[in-house]
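Student: Could you take a close look at one part of this model for me? I'd like to hear about a charged spot and whatever surrounds it.

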Amino acid sequence: MLMLMPWFALIVTIITGWLIIKRYPTAMVLLFAGLAMFVFAVLCGVNGFLPKGVKPSGFIWFDIFDLLRTIATKQASGIGFLIMVAGGFAAYMDKIGAARALVNVCIKPLKALSSPYLVLVLGYFIGQTLVLVIPSAAGLAMLLLVALFPILLGVGVSPAAAASVIGTTAGMVLGPAGGTANLAAKTAGLDPIIYFVECQLPVAIPTLVVVGIAHYIVQKYYDKKNDDVYTQAILTQKEDVRDVPNWYAILPCLPIALMIIFSKLVYSAIKLNTISALLLVWILTVIIELIRRRQPKEVLKDGQFIFKSMGGMFASIVALIICAEFFANGLKVTGLIDALISHAQHLGLGLNGMTIVLTGVVGLVTFLTGSGVGAFSSFAALAPDVAGGLGGTAAAFVTPMQFASGMLRAMSPVAGVIIAVAGAAGVSPMAIVRRNWIPMMAGMISVIICNYIFFPSLAM
């Protein structure tokens, strides 16, 4: 029976994908797909699937729902809370007119570029640059949804195109601040900044150009096709348009500015995380509104709007992330992920072939689970032994694997960042995935080619 579990998980995954494509409610599909895999695994005799530190209930069937509770608790206080705060902050900025002020200030010089899609590509480059100081894919995406999303809409691109590009901005986690980049550097036996300069940059720069060109073509094509199905967009609701000073345009961008200032790039003695930056600027904005408007009751009522919007973000986005993680745990407990890893390890290819295969498997696991960190961590430890045994360097081996863990996440319909940007645009995650897969796959081909060119030790 145990041998059947990976095959059962594969069948469930295929059915899940088909139902999502048919626009069945994504969260419920993922929840019941995960539940089906857990039920089958328990019937096959599997137990002990609860996370470390969570005590079993004493009844295996209750443990399934205890796992769901644990996932929900973790998300509500972790990435999910970040998404709720960022979404609430964006809605508040929109309500008081600050988002509109940002658009008004930026739209005239950006329109001088004469092409909305050039602005879109420029936004992608800006986002990938910000990864150096904001390595969290979800954190960066939520900040860009506040500051960049309304500008892109203002120059004339569709909400789906804007969300698609924002969802790919952390595709390549660059620099010493990123978790997977640090792990890759450690695995390669290099200082993180040396790994960034010598291993990441030579591969990343050409890849950025390739992805930018692909985004220009793909987003323009789908906008012209104009067949996206929109529902209510959480971050773009409009109740009224307020007349505010142009300097209000600073407020949506202030969290990003503060995070850059209090980082390794400027002043490393003080660290400011994303949630703290958003809350700080929210409170500061309420105080500014009190001074400017002198209507305490109305201003405080507006300030409270952030909490209402946070609730909406939980219902539409965070709940979906919880169900997606439950589904991903189902893939693990049935052994499908372990089966992929095992097959990759025993193919007996040369270094170049093994790099391509393991990069593909890291990407596939990332796509299925929505987590690049978990997929890359599973393979990173293999790099020194495999590379040494085949006559190559660990650095050349892990670089494309590390990039795959981010780029394939950007085309996974169960990844938190894709769910978040889809909710912002008011489209399904699959609508974002169909716009992302060509730029990301073009980027991965570029990564493999550049890695081969700049690290000739990969030759077979």
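Tutor: Let's start with Asp228, which counts as buried because its relative accessibility is 15%, and under 20% is the cut-off for that label. Keep in mind that this is a predicted model. Asp228 forms a salt bridge with Arg434, and the closest N and O atoms are 3.1 Å apart. Asp228 sits in the loop between helix 11 and helix 12 while Arg434 belongs to helix 21, so the pair ties together parts that are 206 residues apart in sequence.

Arg434 has another partner, too: Asp227 forms a salt bridge with it, here with the closest N and O atoms 2.5 Å apart. Asp227 lies in the loop between helix 11 (192-225) and helix 12 (250-261), so its pairing with Arg434 links parts 207 residues apart in sequence. Asp227 is partly exposed, at 31% relative accessible area, and Arg434 is also partly exposed, at 22%.

Now for helix 21 itself. Helix 21 (residues 429-454) packs against helix 9 (residues 159-167) at an angle of about 60°, with the axes 9 Å apart, so the two are oblique to each other. Helix 9 passes helix 21 in a right-handed crossing. On the helix 9 side, Ala160, Ala161, Ala163 and Ser164 meet Ile432, Arg435 and Asn436 of helix 21. The residues of that contact divide into 4 nonpolar, 2 polar and 1 charged.

Methods. Residues are numbered from 1 along each chain as its sequence is written. This is a predicted model: local features need pLDDT of at least 70, side-chain atom pairs count only at pLDDT 80 or more; totals for chains, interfaces and linings use all residues. Side-chain values use heavy atoms; hydrogens and water are left out. Axes are lines fitted to C-alpha atoms, for helices over the stretch in contact, and angles run from 0 to 180 degrees between N-to-C directions. Helices (H or I, at least four residues) and strands (E, at least two) are DSSP runs, numbered from the N terminus. Angles under 35 degrees count as roughly parallel, over 145 as roughly antiparallel, 65 to 115 as roughly perpendicular and the rest as oblique. A crossing is left-handed if the near helix is turned anticlockwise from the far one by less than a right angle, and right-handed if clockwise. Contact means heavy atoms within 4.5 Å. Ala, Val, Leu, Ile, Met, Phe, Trp, Tyr, Cys and Pro count as nonpolar, Asp, Glu, Lys and Arg as charged, and the others, Gly among them, as polar. A salt bridge is a side-chain nitrogen of Lys or Arg within 4 Å of a carboxyl oxygen of Asp or Glu. Buried means under 20% relative accessible area, exposed over 50%, partly exposed in between (1.4 Å probe, protein chains only).
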